[in-house]
Every structure is written in structure tokens, then in C-alpha cells.
Amino acid sequence: GQHLNLISHLRNLKEMLESSKESLKLEAMKRIVGLIAKGKNASELFPAVVKNVASKNIELKKLVYVYLVRYAEEQQDLALLSISTFQRALKDPNQFIRASALRVLSSIRVPIIVPIMMLAIKEAAADLSPYVRKTSAHAIQKLFSLDADQKEQLIEVIEKLLKDKSTLVAGSVVMAFEEVCPDRIDLIHKNYRKLCNLLVDVEEWGQVVIISMLTRYARTQFTSPWKEVRGQSGEVMKAFYESDSEEKKGHTEEKPYIMDPDHRLLLRNTKPLLQSRNTAVVMSVAQLYWHLAPKHEVSIVTKSLVRLLRSHREVQYIVLQNIATMSIQRKGMFEPFMKSFYVRSTDATHIKTLKLEILTNLANEANISTILREFQTYVKSQDKAFAAATIQAIGRCATNISEVTDTCLNGLVLLLSNRDETVVAESVVVIKKLLQTQPTQHSEIIKHMAKLFDNITVPMARASILWLIGEYCERVPKIAPDVLRKMAKSFTAEEDIVKLQTVNLAAKLYLTNSKQTKLLTQYILNLGKYDQNYDIRDRTRFIRQLIVPSEKSGALNKYARRILLAPKPAPVLESSFKDRDRFQLGTLSHSLNSKATGYQELSDWPAVAPDQSVRNVEIIEASGSDSEEESSESEKTSSDSGKSSSGSEQSSSESELEQKKKKKTKKVPQKKSKPTAADRYSEIPAVCWSLRVTTSSFGPVKTYELLHHMTGKGLAAKYHFPRQPCLYQPSMVAVQVILSNSSDHSLEEIHIGDRSPASLSIHCFNTIERLEPEASVTVSMGIDFSDSTQAANFQLCTKEDQFSVSIQPAVGELLMPSSMTEQDFCKEQGKLQGMNETSATITMETANASSQAISKQVLSVANVGVVSSSQNNFSRFAGRTVSSGALVLVSLELKESSTALLTINTEKTVMASMLLRDIKQALTQA
Amino acid sequence: MIHSLFLVNASGDIFLEKHWKSVVSRSVCDYFFEAQERATEPENVPPVIPTPHHYLISVLRHRIYFVAVIQSEVPPLFVIEFLHRVVDTFQDYFGVCTEAAIKDNVVVVYELLEEMLDNGFPLATESNILKELIKPPTILRTMVNTITGSTNVGEQLPTGQLSVVPWRRTGVKYTNNEAYFDVVEEIDAIIDKSGSTITAEIQGVIDACVKLTGMPDLTLSFMNPRLLDDVSFHPCVRFKRWEAERILSFIPPDGNFRLLSYHVSSQNLVAIPVYVKHNITFREGSSQGRFDLTLGPKQTMGKAVESVLVSSQLPRGVLNANLNPSQGTYTFDPVTKLLSWDVGKINPQKLPSLKGTMSLQAGASKPDENPTINIQFKIQQMAISGLKVNRLDMYGEKYKPFKGIKYMTKAGKSVLQRMHIVNCK
């Protein structure tokens, strides 16, 4: 009846679709989608539906797409009718129409159109719209699953899209990479830094995919930051250099671990994502830190993971599983949050079990009493399965922490008189395991259990007691035969495991106390011989041959006692999460504790790091900025986009054209499409600029000598200004000092001594206990120069000597860049007129005339930020003095024939004149 | 990544299926039903279930299982988070997320699911973008649509997806510009039988409803931002600004969104605003037990404790309870043994109490398990952590918006007091 109904229904719908009224067609499509949703077969309407694929009505069209994608696989020939519509739409001027055409086209799983799809993907990958490029990245995976033979061609497209600088594309293309060619790690090298820098701005789902891929990447490219593994690699090195001289060998071993800056970049750029609202992102950062960070840094993820425990039940489940694995290796990470793992009666059972697991992992001598008190309430829980799990947990605590073994054992014995059978049974089983690990006298407990034996009905518990009595029968010589007597009576009514243990008990008693138990044993063996279960019959036959001497039994008989009553190793009570760390955390495989399809193994750290330079990006841009300065690049981008947005409306169509042109020459990436963090931030209005500090560092860093090794008796020191905000105190200038030992003996206790003027505030580095010959170490310190170029004099001391040294800062190093908009710059400049303005006309070296060259020169002298400018003949820079935060504005107006007007506005007039001199010097010389 | 999605109701019927790649037969759900049968409670179905060819990852919300079918390795949280996002979207669109609502709006549901995933990878999950693509159904629009045959698919294409602020739709216009912020704090606690706190923590959120024209740029600052121990943000919040100054600076999405969730450091002492005194006794040789419960307010800064609801699972041996509440109503279900008492508002002058007797099954042994009481409550106009919003400023737009803030404290998933049953000789 229902089937007929459906048929007539479908006929109706067909009529509606063939009507000329748009609204009827739409209504019909809505009903058809309803059928699809219910899982009903509506494939016979295919011809009627596909006709509407080019409809003008957007909703109708979308619903037709839904239908088409669902049934095209079954109706391949008819599906081909729609292809030309999509091919046309792929050329549409509207990017959304292009994207949706590609989306549907690539979702039609019809092998015959593979070449068409391939072509469409290639074209879309070069589209101007990042949205279309994103869609093409998705299409790559679809085509790959339809026809794996296209792999090589698809990899080419992936390679191209990986270079894309749009945050919209990054996540999708990495996803395609993971599906199509996860082993082609070489494709990542050149894009590694870019991906790290884009990460914060990629949409959340893309972040998860990229982080997981970068985790794998990092494990193949960097050396281990973990000490113990380094020892191993040290050995490898030693073997490698064995033929070399003694001296060199020693040298290699002493070489301190220095983290690859790219490794650090990844860790630094993922850290803010711990604050994401997306639990998957937080988990992926946590696993990244677990697998890549130095041990002492991993704990920064703890708080965020604990936060996830407040999320939905399913999230809790996965997070708890991962914490369980982590807490085995690193108790300390989660111990401060122990109470977050206390079980609530409202938790689901699997959540309770996981929490119990974690609490057991966290137990140590210090907290065991708290944990046991908590466990006591769990044992009284109304959820009996959970109570039983708690008893097992107590057992594990008792074996792991010897101080509490006796307490636990006593507690468990008390539980034997509990009214609930599952509780009693579980206690018996756990006590059995505990007694095995405790070779000391415990006959009292065994006696107690023998007494309870009659009341216990759970087979596992009965079997355990029988085994215990058998194993320690010599300790309870009176009770054991009596128990055997009782068992002989009830043998036939027992469960199989109980029968097996009865046979075991009989055999052991026969060997130790044959006088009393010979007849009983024979009786039981006879019962066993005719048992229904073949295991029991086999066991009985085996035992009889083993213990009862006869002509046939041969040599084994002599060893019966040694076989049956051999001292047995105690069972190890360990966590079920013990070996889970073989899987990458956060993965499905980790969750299931078995390898899932498509799981990518995390490789071990390489002993020797592969070539780092593979990640260096060649200079493609005409700008000529240093290739390593990703930050400078993004800085430029932001200034550019600022320009285009503040520019007049008519320029937008122009810039499209311009972009097309540029794309051909491959000189400038599509800047408009790259929403970096800086982009987003530059839109903040004036009120807040004062506190934003950009940390760009341009040009080569100048290094100055602090102490020559001749004067320093082997100790040499150099310093430079890293131009980072000082961590210790914001009013200090950060200085990095490289200390090296060029003497032939090690230098001890290197530290900073007296300073002058005495009021000089310096944040010293920690005393270096020992510096080996030929070794060098970089330390950072902070100095508050109080916005003056007066030298900071202090003494650099070793254990034996003191050397007076001084750091004389260039005025430009006393500044911090400050970013602001052009308008704000002009406004502030207006406030700093008259006395606060210093200016000079300079004649520049012709090579310096371009605005990029000016920026480079000015930034090499002073730590200021570039202010994006809408006028070509103006270059503006803004900064603040580190100590007092006074504004320093530098502007340069280009005049004809390479002369320029250099103006500095600041209330610090002394600094202004010094800065003017420095900048002038930089710009006038080549 | 996500291959297919099946929606399963409490009685184990699949009422909706959607496939993003080849069709996976619904028989794959048999493995799920097996697990569902084994589970004693609906919550006990494991979230990840392996089958021979697929993996099933499911979430349970509003008594509906959302079962995703996965074919290969994927972070399980990725799928779980996405499924929850789907539920949130449905709730946002239809007001409720029930089987009936989903069935009534099956076309919108399908259109949404189509936009949210492409080939199993999330595409558009921001509510603002989705609402530009597919308009949420309203009664008026449904009527208009049926009469005129117009559509609920947006005619305009979403520009937000391309912009620097993908979470905000463009061209927002309001005649009344308003921004409301709700600071809601939830307490979760375990209290031992003597009434002292074993563990307690405060989890807070700031939910916003922002209806502002254009592209407003907001900053929100707190009187005491140090209280916030651990935070997670909506992607619109500028993280660096928070790190440097502890100020929330953001261009808000249009409409409702969760701006911030935070955790108040567990080092700070958390005062539970309600206390419970209990006295449950069973006497040897009698099948009657005494039950006595009194509630009272504690440290509420003069604010009233409202919507108080107390529930407890009594021991299995209890046959029935004959109790007398001083206020409100109570129910006792003899089958599930669930006692719940809807107290209402606590009047500090006259503390609410629930007293009476319980009868035990004849011959049943005295209960030796200790039940727990779950307490729920609400306190208006107070954030228990003491968090206070200092000011809200708007930049980038000229008009003066109306700004509102509301505080509330309530019990979280569980404020549990462990009880103790006294068995007298």
C-alpha cells in the first residue's frame, strides 16, 4: 500500500515539475528533498528534475543541485545533460556562481567527466577570487576519490595552491594535501613559515587540519627538544665521529641543544589558539605541544584542556581519554587540577570510568589519602558498575604506592561484608591480585575469605578464592581441605571457571596434603572426567596424568609439584592507557586504541636535523626585502591594503586589472585577498594605537663588541639589540649578549657585578655556572637607559676576574615602533610643533631614493614603525621612547633631484637631533 | 571527512539522512542501535563506535542522536564540535531543536547542511553567513512564501565570507541601535555530607545580542579582569589586545553570539549561595525511615535565590515517601526513585523544609549507599565571582547606541551535595 502511495506521489511530483509555474516546480522540489531526507528513492524523477538545472530561481536551482549530486552516480547518462550548464557557469563574472558551479560539477561522481573536472580545477586554482580557489582545493579531493590515477596532476595543483597567501585557501588546500599526498613533505618546506604566520587568521576548521599536518612535518624536520632523546642522538654522533680526533668528539657531545627558529615559530604561533572557542582547535594545539614542545613547556596546555571538560559530554569523553594518556607520563601536569576529575553522580558511565582512570594515574604518596577518601564515597555509589571499577582503582593504587598497600587491603577486606554482590566479587578479585604481589603472611585474610565463601555467588569471585586457597594451601592447612570437601558436594552445580579452579585446588592439595585429600581429589577428578565442558574434561585428564603416578605418566610426574606450585609472578595492575601514546594524541586512532584507516604515523625525531635552508623562501618580490623577514612582508602587505582601501572607489576595478597584469609577471602576490592579523588590527581607530607595538625587525642586526677576548682573558662578549619588547620590564631596552670562551679552560660563574651610575637599573642574566672552552651562550638582559644615550657601565665577572664593560646605545635603539594611521600621525605631528620639531634638508644617495630603500635605511638606524602613506613622496615612521613612552615621529618629504626634507617631531629634543644626524648619515651614504 | 549524517530519535528511528559523498546505506546505523540497546541510559552510548568499514561519531542533544559516518582518520573532536555547531544552528533557526521542528523544516535543514559542509569539510559554519545564504523561517515569511511562491534562499550572495571580518554580514541597518550583554555565571560544586565544599568552580560566559548599524568597533573593559583565569573567545576578539591590556576589542557579529567564556580560578574561594541540611534515618526493625531536609541562603549579597529545585535519587529500597513541604511542591517516582522538590524562592525569614517519612520494602535491608542531592537555583543581578563590566565604547560609527548589561548566577550542570544515611540500631 505504502509503495503504491509513493508511486502515485512521484507521478504527482513529475506533473508539478513539468508545469510551467515556477512556484509549483519549487514546491515539487521541496517535497522531493523531503523524500531524499527520509531516505526514500526518488531517482526516477531524474529526467524531470535535471531540466530545471538552469532555472533562474536560486532556491529551485539549489534544490536541483542537491538532487543532482544525490542521484548523478545512479543516472550517469542523464547527468551528463547538466554538465554544459556548469561549464558555462564556470566562466560567470560572479565569483560565487563560479564557485558553486565547480562545487556541484566536482560532486557529480561520474567518471566520464574526469577530464572536464580536471580542467575546471586547474582553471579555478588560478582564479582571482580566493573563494573560487578554496572551492578548487575541495574539488581536488573529490576528483581524487573518483579517479586516483589523476594523482600526479592533482599534486601539481596542490603545489600551486599551497603557495597561495589567502587564509581562505590555506585550510582547504592542506586538507587536500593530507588526502592526496600526505607523504610529499617536500611540498611543505617553502610554505612552512607562511602557514605558521597565517595560522591565527585561518578559519577554525582549517586550523585543526594545518596544525595536525605541521605536527607531523615538525617531527621529520627538527631535532628533539627532549633531553633523554638527545642523549641517544649524542651517541649516534659519537659513533659517526669515532675515527676523528678525541678533541672533536668531546666537542660535539658538549654542544648545547639550540632549537631551530622554525620550530620555535610553530610553537609560538599556535599558542594563542589555546584560547579558541573551538574545542577541536584547542585539542590540536595541545597535541602539538605534547609531541613537539620541550618538556617544561607542555604544561601550558593543561588549563585549556581542563577548561574543555566543562563542554559537552562527548567533548569531555575525548579530552579525558587524552588526559588519561598524558597523565601516565606526566603526573605533574594535571595534579594541581586533581579536583576537576572528581566524579559527579550526574556523569555518564564512560566519563566516570575515565575520571577514575585519571585519578588513579595521578595518585602519589602525597595525595593518596585524599584520593582514597574520595574513592570511599565512590564505592558507596548507587551505580554498582562504577563502584566495582573504583575497587579495581583502589587495587591499582595499592600496588603502585607501597605505603598504602596495607590500608587498601584492610579497606577491601571490610568491603567483603558489603551487601552488594558485585562489590564483594570485585573486592575478592582485587584482593587476590594484591595478595599475589604481597609475599608476606596473609593467612588471616585468606581465612576470612574462606569463611565468606558460602555466601558469595559470583563465579569470578568464587574462582578467585579457590585459587588463593590452593596457591597458599600450606598457610591454611586446616581450612583448605574443608573447602575442597564443600566443593566436591556442589561441583556439578558450579560455573565452568569455578570447576576449573576446583580441579586446580584439588591437585595442589593432593600434592601437599595427600593424606587428607586423596579420596576427595579422586572424586572430583572423576566428576570432571564426565563433565559436559570439554575444557574441564581436558584439564581433568591432564591433572590426573600429572599428579597420580602410573606407568604411562612418565617423567613429568616428578615435576608435578614444581609445575603446579611454582612461584607465580604477580599480575601487573596497570592502566589501560599505558601504550596509547603510540598514537598521535587527539586522533581517532588514539580514541579507539587501534589504527584507523588512513592514520598517518608520527615519525621519531631525526637524530640529525635535515637541511634547514629548504624552508628559506627565494625573493620573488621586486621589493628586495630580506627573504627571512616574513613579518616585514606582512607589514608591507598591510600598508598596501590600507592604501587600496583608503583610496578612491574607482580604483577597485582598476586594481583588478592591475592584479591580472601583476599575476602574469608573478611579482606581487594578490594582496587584497590576504586578511592578515595586521589587516584586521589596522582598522582599530585612533584611541588605541598607543599600546600596540609591532615587533618588526628589519635589515641586518648590528653586533657590537662588549669585551675582546684578549682583554677578557679568554672571555669574549658581543651584544646586539634584538628590538623586542623587554620581557622583564617595559621601560627597559632588550639587549642580547653572546658570551664565548676562547680560552683553553672552562670559565665559571659568569655574572654581572657593580654598575655605574649606581642608580642604573639592569635586569641581569642568571649567573652562568660554567662555560666550556670553544662554547658560547646567548643571554638576554634588560637595561633602562632612561631615554639617554649615556653608556651603561657595569662589570662582567667570572669566578676569578672582573672586567669593566659598557654598552653605549645608538639613539635609534631607545625606541619602540608604534603603528598608527596616517591621519593620526598628522594629528600628533600637529601637536608637536615649534620647539619639538627638528628638521634638515638632505641630499640623498640616488640608490636610496625609492620609498622602500628609505624605509630600509631608516629602520636600520632606528627601531620605528612604518606608517602607511597615501602620498608617494612622503615616508613616515612612528615610534615611542622605551623608557618614558614619548612619541617620536619621523617624516621624510622627497623633493626634486634627490633632496628631501627630513623632519623629526618629539618632545625629547636632544634625542631628536641625534636621531636626525643618524638618519641623515644613513640616507646620504650608499 | 564527514561522509554522512543520520538523525536518530530516542526510539531508534532514523528520521533524516544526508550524504556528502557517495551514499552510505543506513544499515550502518545497526551498529549504533546495538550500542544504544546495550546502554543503560541514553547518555551512555559511546561517542565513538568502530564498525568494519566506517566509524560512527555521535552526539546526543535534545534527545536526538546526531550520528556522523566517518571513513578514515579524523580528529574525533573535529566531528563532535561540528555536530554541536549543527545543533546550535538548528536551534538558532527554529527556536527549538526537536524532531518535529526538523521534520517541519526539512528543506531549510537540507539547505543548511549543504552549505555547512562541502565534501565533508566544513565550509560555512558562522551563523551570520548562513543567515545571509538561507533566511531563517518565520511565520510571516512562511505564509508569504506559500502565497507568492518566493523563496527563503537569500538573493544576495554572502559578502561576509570574503571580507576581513567573515563573522559579520555587511550592510547591517537598525533604527534602534542596541547592544546587550549578559554575564551568566554557573557554579559547579561537590559538597560533602557535612556541608563543606570539596570542589567548586565558576564558569562564566558573556552572551551578547548586538544590533548595531554598519561596522561598529567595540571595546569592553572590566573592573577586575584579573579574576578571569582562563578564557576562550569568539574569533572576533583581538587576542593581542587582550594579552596586552585585558580589554576585549572586537567588531561584533550581527545578532546573538557568545563573546567570551571564562573560568574563574579555582584558587579563589567559591561561596555556594545555598546550603542544605539533611537528616535521613532508618531504625533497625522498622520499615519506616525519617526524612528531613532544610534549605537556606548563604552569601547572596542581599539578592534573592530563585527557581530553586532540589532533586535526589533515593536508595533502591525505598518504596514510597510521604513528605510535607513547607513551600512548593514535590514529586516522588516510585519506579525510578527520583525525588524532586520544586522550592521556588527562598525566603530567609522562613526557611523552606521538606519533612516526613519514607517506607521501605518489607524485609529489605537498610540502604547502605549514600545518595546525592542536586541543587539548582538562580540569582538575578549578581555575578558570584564579583566580575564587573567597567565600560563599553564604540568606535567607527557616529550614532549613540543603547548599551545594556545584565548579571546572573545559577547552578551549573551539577551542584551536588553528598548525603549520609544514618542507620540506627
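## Close-up views of a two-chain model

**View 1. B:Arg26 and its salt-bridge partner.** B:Arg26 has a relative accessible area of 30%, so this residue counts as partly exposed (buried means under 20%, exposed over 50%, and partly exposed in between, with a 1.4 Å probe and protein chains only). B:Glu17, by contrast, is buried at 5%. The two form a salt bridge whose closest N and O atoms are 2.8 Å apart (a side-chain nitrogen of Lys or Arg within 4 Å of a carboxyl oxygen of Asp or Glu). Elsewhere, salt bridges that share partners tie A:Lys62, A:Arg103, A:Lys142, B:Glu115 and B:Asp118 into one network.

A word on what you are looking at: this is a predicted model, in which local features need pLDDT of at least 70 and side-chain atom pairs count only at pLDDT 80 or more, while totals for chains, interfaces and linings use all residues. Residues are numbered from 1 along each chain as its sequence is written, chains are lettered from A and ligands numbered from 1 in the order in which they are written, and side-chain values use heavy atoms, leaving out hydrogens and water.

**View 2. A salt bridge within chain A, between A:Glu123 and A:Lys91.** Here the closest N and O atoms are 3.1 Å apart. The pair links distant parts of the chain, 32 residues apart: A:Glu123 sits in helix H7 (residues 114-125), and A:Lys91 in the loop between helix H5 (76-89) and helix H6 (95-107). Helices (H or I, at least four residues) and strands (E, at least two) are DSSP runs, numbered from the N terminus. A:Glu123 is partly exposed at 45% relative accessibility, whereas A:Lys91 is exposed at 59%. Over all chains, the count comes to 60 salt bridges.

**View 3. Where chain B meets chain A.** In this interface, 105 residues of chain B are in contact with 98 residues of chain A (heavy atoms within 4.5 Å). Together the chains bury about 9100 Å², 57% of it on carbon and sulfur atoms; buried area is the accessible area (1.4 Å probe) that two parts lose on being put together, summed over both. There are 38 residue pairs in polar contact across the interface, both residues being at pLDDT 80 or more. A polar contact is a pair of N or O atoms within 3.5 Å; within protein, one must be able to donate a hydrogen and the other to accept it, and residues adjacent in sequence count only if both atoms are side-chain atoms. The two chains also share 11 salt bridges. On the side of chain B that touches chain A, helix H2 (residues 76-94) gives the most, with 8 residues.

View 4. A:Arg310 is buried at 17% relative accessibility, and B:Glu201 is buried at 11%.

**View 5. B:Ser414 and its neighbours.** B:Ser414 belongs to strand S23 (residues 402-418) of chain B. Is B:Ser414 buried or exposed? At 1% relative accessibility, B:Ser414 counts as buried. Leaving aside residues up to four places away in sequence, B:Ser414 touches A:Arg344, A:Thr346, B:Ile187, B:Asp188, B:Ala189 and B:Asn374.
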